[in-house]
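Reader: I'd like to learn how to read strands and helices in a model like the one below. Could you walk me through it?

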Amino acid sequence: MQYNISLQSGPVALRPLMASDAPLLLRWLTDPRVLEYWEGPHTVFTPARIQEDFYEDPDPTYRCVVQYRGEDVGYIQFYPLDQEGFEAYQYPYRPEPVFGIDQFIGAPELWGQGIGRRFISLLCGWLHSACGAAAVVLDPHADNERAIRCYEACGFRKVKELPRHELHDGELADCWLMALVFS
């Protein structure tokens, strides 16, 4: 299935990632404050890596830019979980379809203002209503309390700990599997 979304709710909007957004991604992913939560502060993103990770990857990941009051401020991606995804997340239930999401706000000066709750809720609502999502999952680092509070405010609940789950700055980090289940 192909998704080409453009969503808006109040001052928050999501639009498809375009080739012209590569410099924007590079700016965000060279900010040590963003890297602290996305792959680690010693991770090196180059223009070639941006192309490889965000534009050439053949997996069924759908990528969007987050806008706030008309300005590009962040990134969110979503993907349907397949068998490999269920195994990677160690998701214990099988309501289908289930989508995974990953996101960040690339403008740290906007952190803590409720923008994350708005764009995550916007996408999750669309995944449920337009795509029939039974659940949406994500896997924040266990020590990222600010993100976990944001996700809980969006209705996500901790499902299980995922010890040594994600490579972060060259080491495996503990994560939480969190799920928003639609009834």
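Reader: Let's start with strand pairing. In which sense do E4 and strand E5 (residues 98–105) pair, and over how many bridges?

Author: Keep in mind that this is a predicted model. E4 and E5 pair in the antiparallel sense, over seven bridges. Within that pairing, Gln 77 stands opposite Asp 102 in E5.

Reader: What joins E4 to strand E3 (residues 62–68)?

Author: Seven bridges again, and E3 and E4 run antiparallel. Cys 64, for instance, has Ile 76 in E4 as its bridge partner. The two strands form a hairpin with two residues between them, and Arg 69 in the turn has a positive phi of about 55 degrees.

Reader: Why is E4 largely enclosed by the rest of the structure?

Author: Look at burial, where the cut-off is under 20% relative accessible area. Seven of the 10 residues of E4 (residues 71–80) are buried, so the strand is largely enclosed.

Reader: In what order do the strands of the open sheet come?

Author: The eight strands follow the order E1-E2-E3-E4-E5-E6-E8-E7, with mixed pairing. At the edges are E1 (7–9) and E7 (157–168), each pairing on one side only.

Reader: Now helices. Which residues of H5 are buried?

Author: The general idea first: an α-helix has 3.6 residues a turn, so residues three or four places apart point the same way. In H5 (residues 115–131), the buried residues include Ile 115, Phe 119, Leu 122, Leu 123, Trp 126 and Leu 127. H5 reaches 23 Å from its first C-alpha to its last, close to the 24 Å expected. Gly 132, with a positive phi near 70 degrees, follows the helix.

Terms used:
Residues numbered from 1 in each chain as written. Predicted model: local features only at pLDDT ≥ 70, side-chain atom pairs only at ≥ 80, totals over all residues. Heavy atoms only, no water. Buried < 20%, exposed > 50% of the residue type's maximum accessible area, 1.4 Å probe, protein only. Helix = DSSP H or I, 4+ residues; strand = E, 2+ residues; numbered from the N terminus. Pairing = 2+ DSSP bridges. Expected span 1.5 Å × (residues − 1).
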